[in-house]
Amino acid sequence: VPFAMEPVVYGFRINECGTTATLRSGDDALMPPEYYTLAVPPLVRTEARLLSPARRAELDRFASACHSRPEFGGMVQQMFDHLLPRGPEKEAGAGTGGAGSLEALLAANGFDAAQHEQIQADLRNGRIGLAQNRLPANTGIEDVEPGDLADATRGLPDRYRRAGLEALAGGRVAVVSLAGGAGSRWTRGAGVVKALNPFCRLGGRHRSFVEVHLAKSLRAGRETGTLVPHVFTTSYLTHDAITAHLRACGNYGYPGPVLLSPGRSVGLRLIPMERDLRFAWEEMPQQLLDEQAQKVRESLHHTLIEWVRQAGEGGDYRDNLPLQCLHPVGHWYEISNLLRNGTLARLVDHSPRVNYLMVHNIDTAGADLDPALLGYHIEEGAGLTAEVIARQLEDRGGGLARVNGRVQLVEGMALPREEVECQLSYYNSATYWLDVDRVLAVFGLERGDLADSAKLAQATRRAAARMPTYITLKDVKKRWGKGQEDIFPVAQFEKLWGDMTALPELTCRYLAVPRMRGQQLKDPAQLDGWLRDGSAARIEELCGWR
């Protein structure tokens, strides 16, 4: 599975003897070479008159050993590596997937300096932050009523299916699969290109998420006689790997148009605010440790707060490898990227009749071009139709609710109290049906504007300003020396597509769909139940394998 970031490989050996000690004397009174790699550089930087006689004798014995003992061969070069450390660009190495300086990476991935400065100012002034993610405490949040959404779990009237089949046959539909994420939850922390993970044995062999979704588009094309354009959105973490993989496998034999939408929005991480760290550690729920462990954790928190004060609250986080300083900015930007990188313009040029998009996460394996759901979206005249599933215990992250009387999707980070989420019956599956022209109108655009890059950038910035900005804390590792690493909390922001349902000018509808269709595979532990409940068998029926 391709890695989205340069992996760190650790070598381990078993100590068969446990803890032992050896008494050495005379010329043999030397520590192991690894000890001197760490201990000698600080001593060399110290003036000789400040060293104790014992330290000077130790250095003399070490210098002699470097000339006479084979095990100390090469120590001089290692001393130079520590005394004269390499620059950041050499530390990154050729395999990081982001060769070059941080500035070059930011420019190549669509960093918006004006937006960054605004978010930085808002963070410092307290307009956004962990506490500000939440809606005001007096916000009325209630569960939806039966008439607020359509129930598609038992099927929809035939007229919707006929309308959907007609739209599919007429080439008016395209699929957009969001594949820009590194599946850290999927691999317990390793940053891999999740879209290319061969996650399950289907149709006789293991298939990746990308192959599964292309196979579903192929089946829909065979049934309607019209091949559906399929777009995969990527990011700086996944674009190169997905491009190379699809080229090597010939798009898995998919005969229709396959487009990649590279990311054109990226964020620069920030030094967190002290108030946000204290909110995360003191206001958010925390596991209570035993007395000694609790003291250690509190000492660590105090040290990190001192680091934040010294580094400058709200400042740019640049003291790391370039890829560790960047962050994705949320899937709201995946749709605006279609505008800014020219993918939507290419799609419209190739298929002028395309007017509807099915947008879904790459790990929503059961989502397909269901004609009835498409027909519902068309017949209702909606600009956006969101699919939701009945909530179960493990479904966390918000859902469908009445917010001050208006039906909309609400994010888990925005809920004023955690217990509110347990009162919501439906969970957002993150699968949406979009009307292209109505969404463009929200951005203040028409199809004729898709070639005007300046207007597209302004429209994206203007629309983004209307979306809530969520601040999150992320632990990042800073590696230094010969395998040492420190972990620092940094702040980053994101904007989420579900918040579009709060815009009054965008007509939204909601569909309750079966769990087999809307379940997202976030953790390999879900696969066992996913296989046993028939979800995998259903996907095999939806796919047309080549």
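I count a charge as sitting over a ring if NZ of Lys or CZ of Arg is within 6 Å of the ring centre and within 35 degrees of the ring normal. With that in hand, I opened this predicted model.

**Entry: charges over rings**
I looked up Arg-159 and found it over the face of Tyr-160, at 4.4 Å from the ring centre. I also noted Arg-207, which lies over the face of Trp-545 at 4.0 Å from the ring centre.

**Entry: ring pairs**
How many aromatic pairs does a search of the whole structure find? My search turned up eleven. I went to one of them, Tyr-160 with Tyr-376, and noted an edge-to-face pair, 5.4 Å centre to centre with 75 degrees between the planes. Tyr-160 belongs to helix α7 (residues 158-169) and Tyr-376 to helix α15 (residues 371-379), so this pair ties together parts 216 residues apart in sequence.

**Entry: a tilted pair**
Next I visited Phe-199 and Trp-530, whose rings form a tilted pair: 5.8 Å centre to centre, 55 degrees between the planes. I placed Phe-199 in strand β4 (residues 198-202) and Trp-530 in helix α19 (residues 526-532), so the pair ties together parts that are 331 residues apart in sequence. Phe-199 is buried, at 7% relative accessibility. Trp-530 is buried as well, with a relative accessible area of 2%.

**Entry: a cluster**
Last, I asked which residues ring pairs link into a cluster. I wrote down Tyr-35, Tyr-36, Phe-62 and Phe-72.

Conventions: Residues are numbered from 1 along each chain as its sequence is written. This is a predicted model: local features need pLDDT of at least 70, side-chain atom pairs count only at pLDDT 80 or more; totals for chains, interfaces and linings use all residues. Side-chain values use heavy atoms; hydrogens and water are left out. Rings of Phe, Tyr and Trp (its six-membered ring) pair if their centres lie within 6.5 Å; planes under 30 degrees apart count as stacked, over 60 as edge-to-face and the rest as tilted. Helices (H or I, at least four residues) and strands (E, at least two) are DSSP runs, numbered from the N terminus. Buried means under 20% relative accessible area, exposed over 50%, partly exposed in between (1.4 Å probe, protein chains only).
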